[in-house]
Every structure is written in structure tokens, then in C-alpha cells.
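Student: I'm new to this one, so please pick a single part and take me through it slowly. Spell out the cut-offs as you go.

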Amino acid sequence: MVRYEAAENIRIFIKSCGVGFFLGAVHCFYNVIFGVRNKNTVRKAVADILFLTAACTVTFIFLLDANNGFFRTFAALGEGTGFLVFLLLPEKAAEKIFVSVADKAEKAFLNTRKALYFRREKRKEKKAVRADRKKTKKLR
């Protein structure tokens, strides 16, 4: 079994706090994207499953990289600490940023969709006018 010195354990704890802080941002992102603030239980379940999958993947990769794959309690405590620090300090600001970006992206998507639909309708209109002209020429 691999033994680590105190300095190495502190380094891993600090890194795990950073990973937990990052996971807090990911959690906030999922809340905004899936609209979990609403009481829709299906959306909330999907968001929770996706977040849990992402968190487990990130934690597994972190443990492989920083701790040679060994699970240490202080690494889990560090992730929890980082997550709580994110939830207590910058969560509201990050949520506002994510909401504003999501609103702008939605508006851009709707405007693009409207422009494409308008073009398609204009093309249909032009085809209909051409077809009417051809019919009137044949009748003359």
C-alpha cells in the first residue's frame, strides 16, 4: 500500500476542494439548463442522474490522477468542502450568468429559426407565383 506524506495529503485535499468547486458550478449549470427550480419531477430526475454521472466520472478520474486510484476520506471531504464553498459563495452570481447566457442563446435560436422559416415561406410564395404565371401563359 502506498503511503503519502502530510504535504502530499494536503495537496490532494486542496485539489479535491477545487474539483468540488468545479462540480458545484456544473450542478448550478444543470439546474439552469433543466429548469430544476420548477417542480417537474421528470426533469429533476434527469438532471440529477446526469449530474451524478458527471460527478462520479470526474471523481474517478481525479482519484486515478491524484491518488493512484486509492479512495481517501480526505479527498471526499475536500470535494464536499469545495462544493459547499461554491454553493455558499458564488452560486447566485453564477446562476444569474448562466440564466442570462441561456436566455440569449434561446433568443438567438428562436430568431434563427424564425428567419429560416420566413425564407422557406418566401420560397414557397415565389414558387406559387411562378406556377400561377405558367398557368396564365398556357391559358392565353
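Tutor: Glu8 counts as partly exposed, at 26% relative accessibility; buried means under 20% relative accessible area, exposed over 50%, and partly exposed in between, using a 1.4 Å probe and protein chains only. Keep in mind that this is a predicted model, where local features need pLDDT of at least 70, side-chain atom pairs count only at pLDDT 80 or more, and totals for chains, interfaces and linings use all residues. Residues are numbered from 1 along each chain as its sequence is written, and side-chain values use heavy atoms, leaving out hydrogens and water.

Glu8 pairs up with Arg11 in a salt bridge, their closest N and O atoms being 2.4 Å apart. The rule asks for a side-chain nitrogen of Lys or Arg within 4 Å of a carboxyl oxygen of Asp or Glu, and it gives a count of 1 salt bridge. Side chains of opposite charge can pair when their charged atoms come close. Arg11 is partly exposed too, with a relative accessible area of 33%. Both partners lie in helix α1, 3 residues apart, or about one turn of the helix. Helices here are DSSP runs (H or I, at least four residues), as strands are (E, at least two), numbered from the N terminus.

Now stay in helix α1 and look at Ser16. Ser16 is buried, with a relative accessible area of 0%. Leaving aside neighbours within four places in sequence, Ser16 is in contact with Phe62, Phe74, Ala75, Gly78 and Glu79, contact meaning heavy atoms within 4.5 Å. Its side chain also reaches the backbone oxygen of Phe13 at 2.7 Å.

Beyond residues up to four places away in sequence, Phe62 touches Ile12, Lys15, Ser16, Val19, Asn67, Ala75 and Glu79. Phe62, Ile12 and Ala75 are among the residues with the most contacts inside the largest nonpolar core, which has 13 residues. Such a core is a set of buried Ala, Val, Leu, Ile, Met, Phe, Trp, Tyr and Cys residues joined through side-chain atoms within 4.5 Å. The elements giving two or more residues to this core are α1 (6-34) and α2 (41-67).

One more stop on helix α1 is Phe21. Phe21 is partly exposed, at 36% relative accessible area.

How values were computed
Polar contact = N/O pair within 3.5 Å; in protein donor to acceptor, adjacent residues only side chain to side chain.
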